[in-house]
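Subject: Handing over a structure, with notes on what was found

Dear colleague,

Please open it before you read on.

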Amino acid sequence: MPELPEVETVARGLAKVLVGKRIARALVRRADLRLPFPKGLAQRLKGRTILKIDRRAKYVLVHLSEGLALLIHLGMSGRMLLGTGAAPKGKHAHFAIETEDGAHACLEDPRRFGCVDLANEIDLDRHRLLAGLGPEPFDPALDAKTFRERLARKRGPIKVALLDQALIAGVGNIYASESLFRSKILPTRPANSLSPSEVKALLADLRAVLSEAIASGGSTLRDHVRPDGELGYFQHHFAVYDKEGEPCPRCHSKAEILRIVQAGRSSFYCQRCQR
DNA sequence: CCTTGAACCTGCGGGC
DNA sequence: TGCCCGCAGGTTCAAG
């Protein structure tokens, strides 16, 4: 489910309901996600006030009183459910917090590729899950020149480079293909072969693609539910992702959208438009 | 260094 | 209808 736009949507939705509230209790039903939950998780959350909720890369950051931060990663299949009253008890409802005024937020994750961790606010940037992350796509300090320097270190395919969280944070498999399509760049091109103008265009198009997805509330596939409790199915349009065999929405050529596998992940592109 | 491939885990849809 | 296979939005680790 979640790439940067979806995680952003989740963070905003959670913030809307939870900021300013106090945690009455936290529930841990199954602690063996990709990483084991930290020791004493529920105890350490209890009684804290939720000050702010934002995002770094694909992590939701819940900033709590007394200098504690809760990190939540949704993996491939994770989602956050908001509600009132008792938290869900389904077999994949692994973790939940309940606020004093009767709201709850629950992490469901069938594949258990997600994770939950705690960090001290003071050294949040040095937390082991966050320390190695590259710049945020919307970081004003990330200009075309800096992006080009980063890409110049990579000999592998540009599509694979975009998925490297140490190179640029938050881009996932959908928006990597979508941004390359918009920039008319083949996913197979070596990252260090892009011209300065191509890099500039790619950065702009990546930002545009991500912005549009955030604006539409985050894109969804089958199991995404908006944390604000509205129906989770608002459709986001993809130009090429999962469109193998369909005509190109830009050049309308008879050449169909192709699917290839790079570093074990599917890439989609138009062989006519993208070079 | 850098790159690829497999592994982690569950569920769903397509083909037979 | 049911079974088997491939595939899925992410990350990490081993091996080349």
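Predicted model: local features only at pLDDT ≥ 70, side-chain atom pairs only at ≥ 80, totals over all residues.

**Salt bridges**

One of these salt bridges is formed by lysine 21 with aspartate 101, whose closest N and O atoms are 3.0 Å apart. Lysine 21 belongs to the loop between helix H1 (4–18) and strand S1 (23–28), while aspartate 101 belongs to the loop between S6 and S7, so this pair ties together parts that are 80 residues apart in sequence.

Another joins aspartate 164 to lysine 154, and here the closest N and O atoms are 2.7 Å apart. Because aspartate 164 sits in the loop between helix H4 (158–162) and helix H5 (173–183), and lysine 154 in the loop between H3 and H4, the pair ties together parts that are ten residues apart in sequence. Aspartate 164 counts as partly exposed, at 22% relative accessibility, and lysine 154 likewise counts as partly exposed, at 30%.

A further salt bridge brings together the side chains of arginine 30 and aspartate 32, with an N to O distance of 2.7 Å. Arginine 30 is partly exposed at 33% relative accessibility, and aspartate 32 is partly exposed as well, with a relative accessible area of 37%. Elsewhere, Glu8, Arg12, Arg55, Arg56 and Glu136 are linked in a network of salt bridges.

Is strand S7 largely enclosed or largely open? Six of the six residues of S7, which covers residues 103–108, are buried, so the strand is largely enclosed by the rest of the structure.

Which strands are joined to S7 by bridges? Strand S5 (residues 79–84) runs antiparallel to S7 and is joined to it by six bridges, with glycine 83 standing opposite histidine 104 in S7. Strand S6 (residues 93–99) also runs antiparallel to S7, and five bridges join these two, with alanine 93 standing opposite glutamate 108 in S7. S6 and S7 form a hairpin with three residues between the strands, in which glycine 102 takes a positive phi near 95°.

Most residues other than glycine have a negative phi, which makes the next two residues worth a look. Glutamate 66 has a positive phi of about 60° although it is not a glycine. This glutamate 66 lies in the loop between strand S3 (59–64) and strand S4 (68–73), and at 65% relative accessibility it counts as exposed.

Alanine 263, also not a glycine, has a positive phi of about 50°. Alanine 263 is found in the loop between S9 and S10, where it counts as exposed at 64% relative accessibility. Glycine 264 is placed in the loop between strand S9 (257–262) and strand S10 (265–270) too, and it counts as exposed at 66% relative accessibility. From glycine 264 to histidine 92 the C-alpha to C-alpha distance is 26 Å, and the two are 172 residues apart in sequence.

**A charged patch, and one residue in a helix**

Where on the surface does negative charge gather in a patch? The patch is made up of Asp242, Glu244, Glu246 and Glu256. Of these, aspartate 242 has its place in the loop between helix H6 (196–215) and S9, and it counts as exposed at 56% relative accessibility.

Lastly, arginine 148 lies in helix H3 (residues 144–152) and counts as partly exposed, at 34% relative accessibility. The C-alpha atoms of arginine 148 and asparagine 192 are separated by 8.0 Å, although these residues are 44 residues apart along the chain.

With best wishes

Key. Residues numbered from 1 in each chain as written. Chains lettered and ligands numbered in written order. Heavy atoms only, no water. Buried < 20%, exposed > 50% of the residue type's maximum accessible area, 1.4 Å probe, protein only. Helix = DSSP H or I, 4+ residues; strand = E, 2+ residues; numbered from the N terminus. Pairing = 2+ DSSP bridges. Patch = residues over 30% accessible without salt bridge, like charges linked within 9 Å, V, L, I, M, F, W, Y side chains within 5 Å. Areas by Shrake-Rupley, 256 points an atom, 1.4 Å probe, with all protein chains shown as cover. Salt bridge = Lys/Arg side-chain N within 4 Å of Asp/Glu carboxyl O. Lys, Arg positive; Asp, Glu negative; His and termini not counted. Charge placed at Lys NZ, Arg CZ, Asp CG, Glu CD.
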